[in-house]
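Visitor: Can you walk me through the aromatic side chains here? Put the model up and start with the terms.

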Amino acid sequence: MRMEKIVLEKVCWKVKATTAFQFLQLYYSLLQENLPFERRNSINFERLEAQLKACHCRIIFSKAKPSVLALSIIALEIQAQKCVELTEGVECLQKHSKDYDSTKNLL
């Protein structure tokens, strides 16, 4: 109970905060909807999840907003996989998020 109270105080009692993983799931599903059926496996979600876990192990990424981190991981993966048809979708997500400038700076 004591440890639970310490953790809750560290997160300012915001127990329903949206995580980077939830943003990753949301962004991934939105991008998948806009792909032709035969191209839906071009970006592997498990690989994105592994990259997110790797980011969580680095202290520098702990200061990034969860939405910025998730969108940056997806954008970098799209660049690496050369999925040109998804570039427009990522740019659309960037424009509609309030973190457009932050995401742009991370890339």
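Guide: Rings of Phe, Tyr and Trp (its six-membered ring) pair if their centres lie within 6.5 Å; planes under 30 degrees apart are stacked, over 60 edge-to-face, the rest tilted. The model is predicted, with local features needing pLDDT of at least 70 and side-chain atom pairs 80 or more, while totals for chains, interfaces and linings use all residues. Residues are numbered from 1 along each chain, and side-chain values use heavy atoms, without hydrogens or water.

Visitor: Which residues form the aromatic cluster?

Guide: F21, Y28 and F45 make up one cluster.

Visitor: And how many aromatic pairs in the whole structure?

Guide: The search finds 3. In one of them, F21 and F45 sit edge-to-face, with 5.9 Å between centres and 65 degrees between planes.

Visitor: Where are F21 and F45 in the chain?

Guide: F21 is in helix α2 (residues 20–33) and F45 in helix α3 (residues 45–56), so this pair joins distant parts of the chain, 24 residues apart. Helices here are DSSP runs of H or I with at least four residues, numbered from the N terminus.

Visitor: Other topic. How are the rings of F23 and Y27 arranged?

Guide: Their centres are 5.7 Å apart and their planes at 35 degrees, so the pair is tilted. F23 and Y27 are 4 residues apart in helix α2, so about one helical turn separates them.

Visitor: What is the relative accessibility of Y27?

Guide: It is 6%, so Y27 counts as buried.

Conventions: Helix = DSSP H or I, 4+ residues; strand = E, 2+ residues; numbered from the N terminus. Buried < 20%, exposed > 50% of the residue type's maximum accessible area, 1.4 Å probe, protein only.
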